[in-house]
Amino acid sequence: MLAEKFGWTYRYILHEVAWVNIRMMLADAPHYISDREAIPEATDDDLRDLINSF
């Protein structure tokens with residue numbers, strides 16, 4: 001992905017770029033979360049059940 005986006009060679013990525021910088025670049029890359037992956041909102045009943053379970 002980085003090689004295509006920036007035009008870097010595999011050798012350049014391995015020997016010239018710090019791994020920490022690559023990790024930050026990948027973490028900052030935009031991404032899409034579909035509706036199925038989104039966290040559902042808790043209802044009042046869910047919260048009440050959670051409190052009562054303790």
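1. Patches are made of residues with over 30% relative accessible area and no salt bridge, where like charges are joined within 9 Å and nonpolar side chains (Val, Leu, Ile, Met, Phe, Trp, Tyr) within 5 Å. One nonpolar patch on the surface is formed by Leu47, Leu50 and Phe54, and together these residues have about 370 Å² of accessible area. Such areas come from the Shrake-Rupley method with a 1.4 Å probe; for residues, only the protein chains shown count as cover.

2. This is a predicted model, in which local features need pLDDT of at least 70 and side-chain atom pairs count only at pLDDT 80 or more, while totals for chains, interfaces and linings use all residues. Residues are numbered from 1 along each chain as its sequence is written, and side-chain values use heavy atoms, with hydrogens and water left out.

3. Confidence is given as pLDDT, the predictor's value for each residue from 0 to 100. The average for the protein is 81, and 85% of the residues score at least 70.

4. The protein has four helices and zero strands, in the order α-α-α-α from the N terminus on. Helices (H or I, at least four residues) and strands (E, at least two) are DSSP runs, numbered from the N terminus.

5. Of the 54 residues, 7% are buried. Buried means under 20% relative accessible area, exposed over 50%, and partly exposed in between (1.4 Å probe, protein chains only). The accessible surface of the protein is about 5,500 Å², and carbon and sulfur atoms hold 56% of that surface.

6. Two aromatic pairs turn up in a search of the whole structure. One of them is Phe6 with Trp8, a stacked pair at 4.8 Å centre to centre with 20 degrees between the planes. Rings of Phe, Tyr and Trp (its six-membered ring) pair if their centres lie within 6.5 Å; planes under 30 degrees apart count as stacked, over 60 as edge-to-face and the rest as tilted. Phe6 is partly exposed at 39% relative accessibility, and Trp8 is partly exposed at 23%. Phe6, Trp8 and Tyr12 form one aromatic cluster.

7. The search finds one salt bridge, meaning a side-chain nitrogen of Lys or Arg within 4 Å of a carboxyl oxygen of Asp or Glu. Arg48 and Asp45 form this contact, at 2.6 Å from N to O. Both belong to helix α4 (residues 44-52), and because they are three residues apart there, about one helical turn separates them. Arg48 is partly exposed at 45%, as is Asp45 at 46%.
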